[in-house]
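Work through the exercises below with the sequence and the model side by side. Try each task before reading its solution.

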Amino acid sequence: ESFTAIGLLNEDCKIGTYPKQALENTNITLCIYVYNHMGRPVYYKIVYKIGGEKDLPTNTSPSSMPEVMSWRGVLDNDENHTFKILIPIPSYEKSFDNKTALIFELWIYDTSSDKWVYTGEWVHLYIQVLKRS
């Protein structure tokens, strides 16, 4: 069966000990894991969005929130890649009631339609955005 996978890892590129809070208008470091088992090479992108609980994607549709930034790469079949990312944290006023979701969606490029296609795979991390004093 063909599939892709995405994973969210902490700043040491390991599972666990994720940040629970972040100061507004700063950056945090996380790692993204991507795996390709589509039977062919894929051109992928990870799309970063910021939202609240109601803004999470589903396995059939991406989040309706705007893209903040993205990362792209190519994976051969049965290949994976883990990489560090620097994530901008929104201002306190643009956060979501102590439960701001940092959303990372996996998209692949469909060469037959010349379009990016949402894979239905995503990960998210809830954080509390702290106001600067």
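**Exercise 1.** Does Cys31 count as buried or exposed?

*Solution.* Start with the ground rules. This is a predicted model, in which local features need pLDDT of at least 70 and side-chain atom pairs count only at pLDDT 80 or more, while totals for chains, interfaces and linings use all residues. Residues are numbered from 1 along each chain as its sequence is written, and side-chain values use heavy atoms, with hydrogens and water left out.

Next, apply the cut-offs: buried is under 20% relative accessible area, exposed is over 50%, and partly exposed lies in between (1.4 Å probe, protein chains only). Cys31 has 0% relative accessibility, so Cys31 counts as buried.

**Exercise 2.** Describe the disulfide that involves Cys31 and the surroundings of its partner.

*Solution.* Step 1: count. The structure holds 1 disulfide, a disulfide being a pair of cysteine sulfur atoms within 2.5 Å. Cys13 is joined to Cys31, with an S to S distance of 2.0 Å.

Step 1: Cys13 sits in the loop between β1 (3-9) and β2 (21-23), and Cys31 in strand β3 (residues 27-37); the pair is 18 residues apart and links distant parts of the chain. Strands here are DSSP runs (E, at least two residues), and helices are runs of H or I with at least four, numbered from the N terminus.

Step 2: find the handedness. The torsion about the S-S bond of Cys13 and Cys31 is about -65°, so this disulfide is left-handed.

Step 3: Cys13, at 28% relative accessibility, counts as partly exposed. Lys14 is found in the loop between β1 and β2 and counts as exposed at 54%. The C-alpha atoms of Lys14 and Cys31 are separated by 8.1 Å.

**Exercise 3.** Work out how the strands pair.

*Solution.* Step 1: take the inventory. The chain has 0 helices and 8 strands.

Step 1: order the open sheet. Its 5 strands follow the order β2-β8-β7-β4-β5, with mixed pairing; two strands pair if DSSP finds at least two bridges between them. β2 and β5 (67-75) stand at the edges with a single partner strand each, so one side of each has no neighbour in the sheet.

Step 2: check individual pairs. Strands β7 (residues 100-110) and β8 (residues 115-130) are antiparallel over 11 bridges, and Leu106 has Glu121 in β8 as its bridge partner. β1 and β3 run antiparallel, joined by 7 bridges, with Thr4 partnered by Asn36 in β3. β3 also pairs with strand β6 (residues 79-88) in the antiparallel sense over 10 bridges; there Tyr33 stands opposite Thr82.

**Exercise 4.** Which residues touch the most other members of the largest nonpolar core?

*Solution.* Step 1: define the set. A nonpolar core consists of buried Ala, Val, Leu, Ile, Met, Phe, Trp, Tyr and Cys residues joined through side-chain atoms within 4.5 Å.

Step 1: read off the members. The largest core has 26 residues, of which Ile32, Ile46, Ile87, Leu102 and Phe104 touch the most other members. β1, β3, β4 (42-51), β5, β6, β7 and β8 each give two or more residues to this core, and β4 provides the largest share, 5 residues.

Step 2: look around Ile87. Leaving out residues up to four places away in sequence, the contacts of Ile87 (heavy atoms within 4.5 Å) include Ile28, Tyr48, Trp71, Leu102 and Phe104.
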